[in-house]
Structure formats: structure tokens, C-alpha cells
Amino acid sequence: DDGRQPTVEDFKEFLGQEFEAKVINVNPKKNKLIVSERDGGESVNLKEILENYNVGDTVKGTVSGLADFGIFVRFADHPQVEGLVHISEIAHRIVDNPKDFAEMNDAVEVKVLDIKDGRVYLSLKALKEDPWESKVKEYKKGKEVSGEVYKFTAFGALVNLPEGLQGSLHATGFSGGLDEMKEQLETGKEYNFVVDSVKADDKRIVLELKS
């Protein structure tokens with residue numbers, strides 16, 4: 001390593017070769033895959049190490065990778081082990097971007113959901129209180145609440161509410177539909193809403209924009 005940045009010429013020696021590599025990041029939207037050959041050929045017996053863990057275990061680790069589909073976590077006590085927190089296991093609400101919830105090298109605690117064929121599946125939300133069981137009772141029809149517009153959808157918008165809850169705002173409540181909604185609201189900004197209905201079993205809170 002002479003400290004210089006590698007060029008295309010440096011990688012020609014890998015053409016036609018097979019080697020083990022570690023996936024660092026994946027971005028399907030840009031057809032981009034980043035791998036590391038240096039971390040691929042580990043000589044440790046991963047199967048033996050995984051025998052130390054069971055489904056249901058709580059494990060400490062650090063965020064070692066971020067992808068559109070989830071968060072990679074490297075175990076603190078056995079850094080050779082890396083598991084995946086799928087996007088559906090990050091929080092008790094819809095997650096559009098895992099990077100909203102973690103950064104590289106963050107210290108985290110995760111729960112082991114499954115160990116299969118050398119792969120480890122983890123959960124962040126399993127160690128967090130489910131607000132749809134404990135906090136949703138505070139929401140009744142007519143309640144005024146502030147929330148942040150998280151993302152626009154085909155039907156309207158998702159709104160992040162206090163205590164980790166999430167509500168939906170329908171475009172039908174705007175005379176100009178979705179186009180008018182996008183003119184009045186911006187993602188990442190807070191607005192005042194009124195609760196229209198609550199269905200806790202369906203994890204659904206329908207909102208109206210306060211006039």
C-alpha cells in the first residue's frame with residue numbers, strides 16, 4: 001500500500017478470477033454493488049462460532065453496513081459474525097430508508113430472529129416497546145396532534161407521530177388530490193393534524209390536516 005488511490009488498471013488482475021468477497025453496500029436503484037475482497041476470505045469456522053448463539057438472544061454489535069433493504073450489524077464479541085436487520089425489523093412503523101435510523105459504526109443491541117445456512121437474521125424493533133400496544137390508546141377521534149410528513153404515497157402521505165406511531169393522511173381530503181397535498185406539505189416538516197379514526201388492531205391512524 002503506497003497510499004495512492006487505486007485505478008482501473010489495478011483491478012485488471014481480478015478479471016476472470018473467482019474470490020470470496022464481503023458485500024459492503026447495495027443500491028438497486030443505481031445498479032451499484034460495493035464489495036470488499038480483503039474481508040472475504042476469513043479463515044475462521046463461522047459455523048462453530050454461530051453455535052454460541054440461539055434464536056431469542058440479545059446481542060451487542062456495531063453497524064457495519066447500510067443498504068436499501070436493511071442494516072448490517074457486526075457482533076461485538078465475535079466480529080467475524082455479521083447479521084442483517086431487514087428493513088421490516090427496524091421499527092414498529094413503515095421504514096422508507098434505513099439510513100434514517102442508523103449510521104456506520106453505531107453501537108446497537110439486536111435480537112437474534114433466526115440462524116440459517118450461515119446467515120444471521122436480526123431485529124431492532126423486537127427490543128423496543130411496541131407503541132401500537134402501549135401508546136395508541138392515547139389517540140382518539142378528534143385529538144389534535146403534531147406530526148412530521150415522512151413520505152408521500154399513492155394514496156396520500158405517511159406522518160410520523162410522537163411515541164413511534166405513524167398515521168396516514170389521505171389525498172381525498174384535498175380538493176386537488178395528491179398534487180394539492182404536495183403543494184401544501186413538505187416531507188421532513190411538522191404540521192398540525194386531527195385524528196379522524198383509529199384502528200389499533202390494524203396499526204392504523206387516519207389523520208386530517210388541521211384547518
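**Salt bridges and their surroundings**

Author: Lys-210 is partly exposed, with a relative accessibility of 38%; buried means under 20% relative accessible area, exposed over 50%, and partly exposed in between (1.4 Å probe, protein chains only). The model is predicted, so local features need pLDDT of at least 70 and side-chain atom pairs count only at pLDDT 80 or more, whereas totals for chains, interfaces and linings use all residues. Residues are numbered from 1 along each chain as its sequence is written, and side-chain values use heavy atoms, with hydrogens and water left out.

The partner of Lys-210 is Glu-144, and the two side chains form a salt bridge at 2.9 Å, N to O. A salt bridge is a side-chain nitrogen of Lys or Arg within 4 Å of a carboxyl oxygen of Asp or Glu. Because Glu-144 belongs to strand β8 and Lys-210 to the segment after β12 (204-209), this pair ties together parts 66 residues apart in sequence. Helices (H or I, at least four residues) and strands (E, at least two) are DSSP runs, numbered from the N terminus.

Six salt bridges are present in the structure. Another of them joins Lys-141 to Asp-196 at 3.5 Å, N to O. That pair also links distant parts of the chain, 55 residues apart: Lys-141 sits in the loop between α2 (131-134) and β8 (144-152), and Asp-196 in strand β11 (residues 190-199). Lys-141 is exposed, at 64% relative accessible area, while Asp-196 is partly exposed, at 25%.

A further salt bridge connects Glu-82 with Arg-74 at 3.8 Å, N to O. Here Glu-82 is partly exposed, with a relative accessible area of 23%.

Two strands pair if DSSP finds at least two bridges between them. Within this pairing, Gly-61 stands opposite Phe-75 in β4. Both strands belong to a closed barrel of five strands, β3-β4-β5-β7-β6, with mixed pairing.

Of its 23 residues, Ile-71, Val-85, Ile-90, Val-110 and Leu-122 touch the most other members.

Key:
A nonpolar core is a set of buried Ala, Val, Leu, Ile, Met, Phe, Trp, Tyr and Cys residues joined through side-chain atoms within 4.5 Å.
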